[in-house]
Every structure is written in structure tokens, then in C-alpha cells.
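I would ask you to look at the structure on the screen while I go through its features in turn.

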Amino acid sequence: FKSLETLVNTWDRTVGHSANLLLGMPIGYDGGVPRTAELRLAELGGWVRRCDDALPLNRTSGASEQGSHTLRLRLDLGDAARNVSRVVISEELAATGQAVLNFSLSVLELNGGEWRRAAEGESIGHK
């Protein structure tokens with residue numbers, strides 16, 4: 001069965017981009033799941049729970065001004081160098097519906113002080 005690293009990368013490229021994840025898990029002739037697949041999926045479930053339960057380093061929010069199509073938010077993580085493996089961006093769908101048509105995420109590199117585009121997309125949705 002696929003490694004946990006492969007499953008996490010697949011998770012990031014699908015669920016992490018608001019898509020469905022189809023694992024293509026093997027089912028035996030008896031209708032059961034092979035033990036190796038069961039254990040690996042339990043590992044993936046543990047990883048997902050750890051990500052969901054992790055405390056955020058910081059939060060920020062905002063809304064664009066009436067008539068504006070741009071919103072810039074800055075998230076300060078302090079002076080200490082930190083490794084950030086995930087950023088969660090979400091919209092308040094119940095209040096406004098899906099309003100973001102496109103977005104980009106830039107990060108400030110520590111050593112050179114240069115801004116670098118880390119991600120971009122066409123919609124955000126729930127997260």
C-alpha cells in the first residue's frame with residue numbers, strides 16, 4: 001500500500017485544495033480491507049487529526065473595503081525563525097457566500113528579506 005508520505009502529499013494536492021480524495025483502496029475478494037491498508041489509513045487519520053488539532057501560530061482576518069477587489073493581510077509570527085508547513089485560508093461562507101475569485105500567498109524569506117509567492121489559487125471556499 002502507499003506510504004504515509006505519499007498519502008499526505010495526495011491529501012495536500014486534493015483535500016488541501018478543496019477537492020475530494022479517492023484513495024483507490026484495495027478490497028479483498030471477501031469484501032475486507034487488507035491489514036496493511038487498514039494500518040496505513042489509520043496512520044493517515046492520525047496525521048489529519050494532529051493537523052486539525054494543532055494550535056495556530058497566529059491568526060488574522062479582514063474584509064475589503066466597499067467597492068475594492070483587493071485585501072492585504074499581514075500575519076506576524078514574531079522575531080523567532082519558524083518552520084511553517086501549512087497555512088489555512090478560509091471564507092465565512094455562511095455570512096457572505098463564496099466571494100474570493102482568486103488569491104495569492106507570499107512569504108518573507110528570513111535570510112534575504114525577499115517576498116516570494118508560495119501559493120495561489122482561484123477560490124478558497126470553506127478552507
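Let me begin with a definition: a residue is called buried when its relative accessible area is under 20%, exposed when that area is over 50%, and partly exposed in between. Please also keep in mind that this is a predicted model.

Take R40 as a case. Its relative accessible area is 24%, and therefore R40 counts as partly exposed. The side chain of R40 meets that of E43 in a salt bridge, with 2.6 Å from N to O. E43 has a relative accessible area of 36%, so E43 is partly exposed as well. Both residues belong to helix α2, where they are three residues apart, about one turn of the helix.

E38 and R35 form a salt bridge through their side chains, at 3.1 Å from N to O. They are separated by about one helical turn, because they are three residues apart in α2. E38, at 40% relative accessible area, is partly exposed.

How many salt bridges does a search of the whole structure find? The search finds three.

Let us return to α2 itself. This helix has 19 residues and spans 27 Å from its first C-alpha to its last, close to the 27 Å expected at 1.5 Å a residue. Its buried residues are A37, L44, G46, W47 and V48, and α1 is among what covers them.

Which residues make up the largest nonpolar core? There are five: L7, V8, L44, W47 and V48. Two or more of them come from each of α1, residues 4–13, and α2, residues 35–53. The largest share, three residues, is given by α2. Within this region, L44 touches L4, L7 and V8, leaving aside residues up to four places away in sequence.

L57, V84, V87 and I89 make a nonpolar surface patch of about 310 Å². One of them, V84, sits in the loop between α2 and α3. Its relative accessibility is 43%, so V84 counts as partly exposed.

Thank you for your attention.

Definitions and conventions
Residues are numbered from 1 along each chain as its sequence is written. This is a predicted model: local features need pLDDT of at least 70, side-chain atom pairs count only at pLDDT 80 or more; totals for chains, interfaces and linings use all residues. Side-chain values use heavy atoms; hydrogens and water are left out. A nonpolar core is a set of buried Ala, Val, Leu, Ile, Met, Phe, Trp, Tyr and Cys residues joined through side-chain atoms within 4.5 Å. Buried means under 20% relative accessible area, exposed over 50%, partly exposed in between (1.4 Å probe, protein chains only). Helices (H or I, at least four residues) and strands (E, at least two) are DSSP runs, numbered from the N terminus. Contact means heavy atoms within 4.5 Å. Patches are made of residues with over 30% relative accessible area and no salt bridge: like charges are joined within 9 Å, nonpolar side chains (Val, Leu, Ile, Met, Phe, Trp, Tyr) within 5 Å. Accessible areas come from the Shrake-Rupley method with a 1.4 Å probe; for residues, only the protein chains shown count as cover. A salt bridge is a side-chain nitrogen of Lys or Arg within 4 Å of a carboxyl oxygen of Asp or Glu. The expected span of a helix is 1.5 Å times one less than its number of residues.
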